[in-house]
Amino acid sequence: MNYKIMNVIYLTSLTVLTTACGGGSSDSATVNNDGTVSQGGSVTGGTSKIPTTISLPCKTTQVVKGDDADLTYITESGASGSLTIDCARASSGFKLKEGVPNLNIKAATITDYYFCADKQGKGLLGWIYTHDLTKGNSKMVWSEGGKAFINCHATYPSPLPKTISSSQDIEDLKDYWADQDYDLSNCTYSTQSRATSVSCDEGVSDRWLIGTNATLIDSSGKTHKTSERTTYITKKH
């Protein structure tokens, strides 16, 4: 998972919460001292289904020992179409397959997500952040128990069409939305949620997932995809 993206997502989450507390939301949500929302609107689009991925042949597992608990994190990645990844050097990122000099991308969708999950892979609490680079807009939906409680939108100039020929070009396109100076303040907040933030703590789950899916369509209409996901699992001694 790209640390740059993680930092932007974290800051974006803080922006959403600050907005909820009176930073200029179009829906004038009011957050109480206990984190609940006392003024908001109808929010749709919630889900407990974590975004599906393509095949993830690259997989590494690491365990970090702690005093009270151990943290296991499993990193997986995969690509399809004319994109590929070297499992032995997964950290170097995605690249074009040998014999493919470049791709002219005319449409692209990037999906970032973060969910506290159960052992069956059901999303208990979290968000999905979808970026339509073709139209130049992003949508973030926060869900709890399958029901949406925050829905935000943002717009920016589209980078497409764009020709990609290297690993850096692929990463730049996937990260494009994060480089845009946009205001994520067009948010609607539900009064039905118990909170305005996502926290995987002892009372929610012992595991959480962070991932990114990318779907790129070239000028000939062919589809190329990438998926990367990290699963964190805590286990008390």
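Cys-87 is partly exposed in this predicted model, at 42% relative accessibility. Its disulfide partner is Cys-58, with an S to S distance of 2.0 Å. Cys-58 is buried, because its relative accessible area of 4% falls under the 20% limit. The accessibility of the two cysteines is set out below.

| Residue | Relative accessible area | Class |
|---|---|---|
| Cys-58 | 4% | buried |
| Cys-87 | 42% | partly exposed |

The model has one disulfide by the distance rule. The link between Cys-58 and Cys-87 is left-handed, with -80° about the S-S bond. It connects distant parts of the chain: Cys-58 belongs to strand 3 (residues 58-64), while Cys-87 sits in the loop between strand 5 (83-84) and strand 6 (95-96), 29 residues apart.

The nonpolar interior comes next. In soluble globular proteins, nonpolar side chains tend to be buried together. Here the largest nonpolar core has 34 residues, and the members touching the most other members are Ile-105, Leu-133, Ile-164, Leu-173 and Leu-216. Two or more residues each come from strand 7 (103-117), strand 8 (123-132), strand 9 (137-144), strand 10, helix 2 (167-175), strand 12 (186-189) and strand 13 (207-218). Strand 7 gives the largest share, six residues. A second, separate core has six residues, among them Phe-115, Ala-117, Ile-128 and Leu-209.

With neighbours within four places in sequence left aside, Ile-105 is in contact with Leu-160, Pro-161, Lys-162, Ile-164, Leu-173, Leu-216, Ile-217 and Asp-218. Of these partners, Ile-164, Leu-173 and Leu-216 are also listed with Ile-105 among the core residues that touch the most other members.

Two further partners of Ile-105, Leu-160 and Pro-161, are joined to each other by a cis peptide bond, with omega near 0°. Most peptide bonds are trans. Pro-161 lies in the loop between strand 10 (147-155) and strand 11 (162-164).

The angle decides the class because planes over 60 degrees apart count as edge-to-face. Both Trp-142 and Phe-149 are buried. Elsewhere, Tyr-73, Trp-208 and Tyr-232 make up one aromatic cluster.

Terms used. Residues are numbered from 1 along each chain as its sequence is written. This is a predicted model: local features need pLDDT of at least 70, side-chain atom pairs count only at pLDDT 80 or more; totals for chains, interfaces and linings use all residues. Side-chain values use heavy atoms; hydrogens and water are left out. Helices (H or I, at least four residues) and strands (E, at least two) are DSSP runs, numbered from the N terminus. Buried means under 20% relative accessible area, exposed over 50%, partly exposed in between (1.4 Å probe, protein chains only). Rings of Phe, Tyr and Trp (its six-membered ring) pair if their centres lie within 6.5 Å; planes under 30 degrees apart count as stacked, over 60 as edge-to-face and the rest as tilted. A disulfide is a pair of cysteine sulfur atoms within 2.5 Å. A nonpolar core is a set of buried Ala, Val, Leu, Ile, Met, Phe, Trp, Tyr and Cys residues joined through side-chain atoms within 4.5 Å. Contact means heavy atoms within 4.5 Å.
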